[in-house]
Structure formats: C-alpha cells, structure tokens
Amino acid sequence: IVAVHEVARPPLSLPRAPHFTCITSIPPTRLSQFVEKFGCRFSTILVSRPPNMEALSKTNLPLNVPIIYDAESVFAFREITKRTLSHQIQYSKEEIKQIVETEVFLARKADIVLAVSEQEAERFRATGFQAVEVVGHGVAVQDNVPPPETRKGLLTVSPIISGESPNFDGGQWFIREVHSNIQSLNSV
C-alpha cells in the first residue's frame with residue numbers, strides 16, 4: 001500500500017495486514033520515481049480516488065500491469081455543489097460537463113474502473129469507458145439486535161480529515177439542522 005497523500009500521518013494509523021506493506025513517505029511528486037524503481041515488482045496496481053490516479057497518470061511510465069481504478073464516485077460533483085451552495089461560483093452546464101470529463105479522463109490508463117453505484121458507473125461509460133463495474137457491499141441482517149425503541153445514541157463512521165471535507169460539512173449540518181429535531185421527537 002503506497003499512501004501518497006499520507007506523508008504526515010503516523011504509520012500506526014494505517015491498516016496493517018499480513019502480506020501488505022504500508023509506505024507513507026512518498027509524496028505525489030515522487031510517485032514517478034517510486035514506480036520506475038519498484039513498479040516491476042507488482043502484478044496489479046489498484047488506485048483509489050482522483051488525486052492518486054492523477055499522480056499515477058503523470059508518471060508516463062509503461063507499467064505493463066493491469067491498473068484498477070477505484071473511482072468510488074465522481075468527486076467533481078462534491079466540489080461543484082460546495083462552491084454553488086457557498087455562492088462562490090455558479091457553473092454553466094457546459095462548465096460542469098467539462099469539469100466532470102476532466103476528472104473522469106484521469107482513469108484513461110486504467111484497465112477497469114470500479115464505481116459504487118450504477119449512476120457513478122454510467123458517468124464513466126458516458127465518456128467512453130467500456131470496462132466499468134459496480135462494486136457495492138452488503139451488510140447481513142442480524143437477528144439479535146435490540147428493537148429500535150430501546151436504542152440510544154448515534155454512530156457515524158467516516159473520515160473527517162479537514163474542515164473542507166464533505167463529511168465535516170455534513171456533520172455540521174446534521175448537528176445544526178437535524179439533531180435538535182430528533183431530540184425533540186425523543187422527548188415527546
């Protein structure tokens with residue numbers, strides 16, 4: 001695992017597993033040198049999220065191994081929505097199309113693109129990608145959970161890396177706009 005944007009994060013905070021090595025000392029600007037030196041040791045390259053695909057795309061090295069792009073979602077829509085809602089900028093339909101196509105184009109070196117929903121997969125297919133697969137995850141229903149009326153508290157699981165992240169913004173909105181309403185309903 002090469003965490004190119006994790007240079008400042010302590011290694012202990014990254015997952016550990018047998019047969020995996022976490023490398024956290026490579027900034028995106030040095031990825032080319034890393035791939036040039038060690039790329040021949042890998043049978044497959046799995047790249048997650050646009051900044052990492054952009055860094056790999058800039059290597060311009062013949063990798064000769066399958067590249068899987070875990071797109072997750074088209075992040076451009078998050079930024080467009082954020083800027084529109086904060087009144088920083090209003091985008092035309094053509095500008096939105098161009099911004100999205102620019103991000104999607106990052107996957108041009110990938111042999112296959114993984115998306116989390118059919119809607120996200122279609123965004124890649126619409127720009128010419130043929131090998132796009134939807135990879136979701138299911139959660140088995142448990143029989144032994146307490147009934148909803150006996151439960152208390154809220155658990156949210158998501159990274160909140162900075163005040164600029166959608167998760168941070170969503171958490172603030174939830175506390176401001178939703179939580180008080182839930183509290184009111186619970187006290188009735």
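This is a predicted model: local features need pLDDT of at least 70, side-chain atom pairs count only at pLDDT 80 or more; totals for chains, interfaces and linings use all residues.
Me: What percentage of the residues of the protein count as buried?
Reply: A residue counts as buried when its relative accessible area is under 20%. The protein has 188 residues. The percentage of these that count as buried is 23%.

Me: Which pattern of helices and strands does the protein follow along the sequence?
Reply: The protein contains six helices and four strands. Read along the sequence, these elements give the pattern α-β-α-β-α-α-β-α-β-α.

Me: Among contacts between residues at least 6 apart in sequence, what percentage join residues at least 24 apart?
Reply: A contact requires heavy atoms within 4.5 Å. Among contacts between residues at least 6 apart in sequence, the part joining residues at least 24 apart is 42%.

Me: Which are the edge strands of the open sheet?
Reply: The open sheet has four strands with parallel pairing, in the order β1-β2-β3-β4. An edge strand pairs on one side only. From one strand to the next, the twist averages 25°. The edge strands are β1 (45-48) and β4 (132-134).

Me: What is the bridge partner of Ile 45 in β2?
Reply: Strand β2 covers residues 67-72 and pairs with β1 in the parallel sense. Four bridges make up this pairing. In β2, the bridge partner of Ile 45 is Ile 67.

Me: Which strands does helix α2 touch, and what angle does its direction make with that of β1?
Reply: Helix α2 spans residues 50-57 and packs on the sheet. The strands touched by helix α2 are β1 and β2. The direction of helix α2 makes an angle with that of β1 of about 130°.

Me: At what angle to β4 does helix α5 run?
Reply: Helix α5 comprises residues 118-125. Helix α5 lies across β2, β3 (112-115) and β4. Relative to β4, helix α5 runs at about 175°.

Me: What is the N to O distance in the salt bridge of Glu 79 and Arg 83?
Reply: Both residues lie in helix α3 (residues 76-85), four residues apart, which is about one turn of the helix. Glu 79 counts as partly exposed because its relative accessibility is 33%, and Arg 83 is likewise partly exposed at 33%. Their side chains meet in a salt bridge with an N to O distance of 2.9 Å.

Me: How far apart are the closest N and O atoms of Glu 122 and Arg 125?
Reply: Because Glu 122 and Arg 125 are three residues apart in helix α5, about one helical turn separates them. Glu 122 is partly exposed at 41% relative accessible area, and Arg 125 is partly exposed at 28%. In the salt bridge between Glu 122 and Arg 125, the closest N and O atoms are apart by 3.7 Å.

Me: Is Arg 176 buried or exposed?
Reply: Arg 176 forms a salt bridge with Glu 177, with the closest N and O atoms 3.8 Å apart. Glu 177 is partly exposed, its relative accessible area being 42%. Arg 176 has 51% relative accessibility and therefore counts as exposed.

Me: Which residues do salt bridges that share partners join into one network?
Reply: The structure holds six salt bridges. Salt bridges that share partners form one network, whose members are Glu 118, Glu 122 and Arg 125.

How values were computed: Residues are numbered from 1 along each chain as its sequence is written. Side-chain values use heavy atoms; hydrogens and water are left out. Helices (H or I, at least four residues) and strands (E, at least two) are DSSP runs, numbered from the N terminus. Buried means under 20% relative accessible area, exposed over 50%, partly exposed in between (1.4 Å probe, protein chains only). Two strands pair if DSSP finds at least two bridges between them. Axes are lines fitted to C-alpha atoms, for helices over the stretch in contact, and angles run from 0 to 180 degrees between N-to-C directions. A salt bridge is a side-chain nitrogen of Lys or Arg within 4 Å of a carboxyl oxygen of Asp or Glu.
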